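Subject: Structure for you to look at

Hello,

Here is the structure I promised to pass on. My notes on it follow below.

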Amino acid sequence: MADGEMDLLEDEQVFVAGQYQLMWWRFRKHRMALVGAAVVILFYTSAVFADFIAISDPAKSDVDVAYLSPQTIHWFDGGFSPHVKELIGSRDPDTFKKVYTTKPDSHIPIMFLVRGYEYKLFGIIKLDRHLIGIDESQNEERRAPFFLGTDVQGRDMWSRMVFGTRVSLTIGLIGVALSLFLGVTLGSMSGYYGGIVDVVIQRIIEITRSVPTIPLWIALAASVPRDWSMIRIYFAITILIALFVWTDLGRVVRGRFLALREEDFVMAAKIGGASDVRVIFRHMLPNFASHLIASTTLAIPFMIISETALSFLGLGLRAPAISWGVLLQQAQNVQTVAIYPWLTLPAVPVTVAVLAFNFMGDGLRDAADPYGN
Amino acid sequence: MIAFMTRRILLGLFTLWVLSVVAFIVITLPPGDFVDDYVANLIGDAGFGTPVAALLEENLRKEYGLDRPLIIQYYKWASKAAFGDFGFSVEFQRPVWEIVSDKLLMTIIVAGATILFTWTLAIPIGIYAAVRHRKIEDYALTFVGFIGLAIPDFLLALALMWIGYFYFDFSIGGLNTREYVTAAWSMGKVVDMLSHLWIPAIVLGTSGTAGLIRIMRANLLDELSKPYVVTARAKGLKEWRVVIKYPVRVALNPIVSTAGYLLPFLISGSVIVSVVLSLPTIGPLLLRALLAEDLFMASSIVVILGAMTIVGTLLSDILLMFVDPRIRMVKN
């Protein structure tokens with residue numbers, strides 16, 4: 001086939017392709033956005049399969065291995081056989097700091113798909129297999145390897161970070177869904193009806209935006225009762241974050257509605273006898289749904305940072321809940337950071353997740369713009 | 001113009017009033033009040049729950065007006081706060097304004113240093129990235145900028161603390177060396193503060209710098225493709241002169257006019273970072289007041305920060321109207 005014919009074929013494909021097909025083609029060209037999307041998917045997968053990826057029970061404490069620094073993995077022993085050494089814990093007689101040495105000739109092999117603690121996948125399927133770990137039947141002390149060290153109670157940092165993914169990333173999703181709901185409902189009402197409704201909603205948005213967010217936020221978070229259950233605090237914090245984020249979406253939606261209100265197809269739908277709700281959700285909203293998806297994606301990282309910051313200050317989620325912010329709470333002062341630097345590790349997934357969401361959102365925004373190339 | 005200003009000022013006052021009501025209600029939401037804590041902590045020896053303790057508790061409540069309905073408490077506080085008297089801090093046992101004004105100065109110093117850092121870095125880099133458009137330097141700077149935008153500032157503070165401790169044997173935190181913290185203002189103290197100020201400036205300024213680089217670059221790119229630049233170049237002007245003399249001046253317009261937003265944004269944003277770096281700014285004070293349920297102190301801080309945000313936004317809008325005649329026309 002000649003080149004000209006190929007071009008023609010591709011052109012024809014472009015003409016008949018649906019809106020989302022076009023978006024995907026444009027998105028695909030954006031390398032960093034693709035990488036970002038892959039990382040985001042990876043994160044959510046590990047949130048779903050947290051039990052499988054975790055090495056030991058994140059709540060299991062074991063004071064004999066408190067404040068253990070990340071264990072070295074030895075790759076070779078004769079041939080290729082990754083293993084860790086057995087630990088001997090003692091106390092420094094001068095500083096009372098825990099120190100660990102290893103038995104030089106010990107050999108605890110690291111294996112894939114080993115048996116570990118029991119858990120329920122999706123809350124139903126009983127399993128005890130884990131992605132990596134050590135054969136506990138061979139190892140008398142039944143101690144999982146601690147690749148990323150342990151905290152004050154000897155809990156495995158790796159497993160806790162994997163579990164933190166669940167809370168930290170779902171807060172972003174639920175919060176964004178909530179602010180999307182608020183933003184679309186109020187924004188569309190404001191733009192569609194105009195008049196007094198518009199004035200009132202616009203004033204609400206203006207006031208919310210000119211309020212110093214973080215101080216008021218801290219005040220609100222501090223007023224969440226301490227004796228609430230974990231789930232209630234989780235939702236309270238999510239609602240709190242969403243209350244300040246929806247205004248951006250509200251403004252975008254209103255602007256679009258103002259522009260679309262005068263279009264012929266809206267008039268046609270109205271004359272055809274469609275109800276207001278139907279005109280808004282069936283005819284107008286799909287016009288900028290792709291744009292909304294992009295704005296929403298860009299709002300998620302902000303939520304993740306917010307939750308982390310609040311929990312870090314001790315105002316958000318509290319132990320025994322596990323989120324990246326809660327884990328970072330241990331690394332609040334210089335002393336801890338200096339003596340136990342591995343406690344700052346949860347900062348890594350926060351940064352990576354935020355970056356990934358930003359790249360993905362940026363790519364989506366470009367792809368959703370029908371006037372881009 | 002005058003109508004617009006009046007409308008804005010009225011709306012600002014209204015916002016401030018709403019904010020003060022919300023802050024007051026929110027802060028009284030948690031069960032118990034300051035006296036509960038105070039009594040539990042200080043009169044342990046008198047015997048908790050004894051008649052003496054109950055009497056003391058009652059007297060304290062009366063003294064601070066905590067036995068009145070919330071609406072009367074609010075009225076008493078707000079009617080005075082409107083004229084600059086923010087009441088008495090039960091936590092510090094001193095008037096609120098006395099404590100806050102001191103920290104407010106530090107907060108403004110930190111914010112000022114951050115703005116200085118942001119501008120001195122972002123403007124030249126933005127120009128450079130625009131001039132090297134679609135070259136390797138441009139891509140590299142864009143990528144670095146993205147990372148700067150993505151890293152939460154309090155995590156950056158944590159990372160700097162760690163690096164400072166391990167590699168430079170330098171304890172990061174605070175704005176003064178220990179000897180100077182309580183000392184009166186002197187040349188030595190100013191120099192000492194300057195040697196500490198760069199850390200919060202970097203931490204707070206990084207994301208702003210990254211954002212500003214993007215804006216500066218985009219603005220300048222728009223300008224550089226205009227015919228007058230081509231004319232200047234055709235006349236044989238040196239390249240740097242072509243760029244600096246006119247396009248940069250035009251591209252700087254929006255940056256100068258958004259300066260007003262930057263200050264309140266930094267003051268409110270520095271709260272969390274200040275806690276991490278233990279800076280003597282208003283952030284840690286607010287946190288402490290909230291946790292101690294020091295009603296007047298916490299509400300006053302929220303309202304003062306709110307007032308600064310609103311004034312800052314107003315100032316930048318006015319500045320914008322002065323700088324850009326197009327906006328002036330639309331508003332009229």
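This is a predicted model: local features need pLDDT of at least 70, side-chain atom pairs count only at pLDDT 80 or more; totals for chains, interfaces and linings use all residues.

Helix H8 of chain B runs over residues 187-224, 38 residues in total. A straight helix at 1.5 Å a residue would reach 56 Å, but the end C-alpha atoms of H8(B) are only 46 Å apart.

Now to chain A. It has 14 helices and 6 strands. Its radius of gyration is 26 Å, whereas a compact globule of 373 residues would have one near 21 Å. Along the principal axes, the C-alpha atoms of chain A fill a box of roughly 85 × 65 × 40 Å. Buried residues make up 37% of the 373 in chain A. Of the contacts in chain A with a separation of 6 or more, 69% are between residues 24 or more positions apart.

The two chains also meet. On the chain A side 32 residues are in contact with 42 residues of chain B. Five elements of chain A each give two or more residues to that side: helix H6 (195-210), helix H7 (213-222), helix H11 (289-312), helix H13 (334-339) and helix H14 (347-368). H7(A) provides the largest share, 8 residues. By residue type, the side of chain A that touches chain B has 24 nonpolar, 7 polar and 1 charged.

Regards

Definitions and conventions. Residues are numbered from 1 along each chain as its sequence is written. Chains are lettered from A and ligands numbered from 1 in the order in which they are written. Helices (H or I, at least four residues) and strands (E, at least two) are DSSP runs, numbered from the N terminus. The radius of gyration is taken over C-alpha atoms; the globule rule is 2.2 Å times the number of residues to the power 0.38. A residue is buried if 20 or more other C-beta atoms lie within 10 Å of its own, exposed if 12 or fewer, and partly exposed in between; C-beta atoms are placed from the backbone. Two residues are in contact if their C-beta atoms, placed from the backbone, lie within 7 Å. Ala, Val, Leu, Ile, Met, Phe, Trp, Tyr, Cys and Pro count as nonpolar, Asp, Glu, Lys and Arg as charged, and the others, Gly among them, as polar. The expected span of a helix is 1.5 Å times one less than its number of residues.
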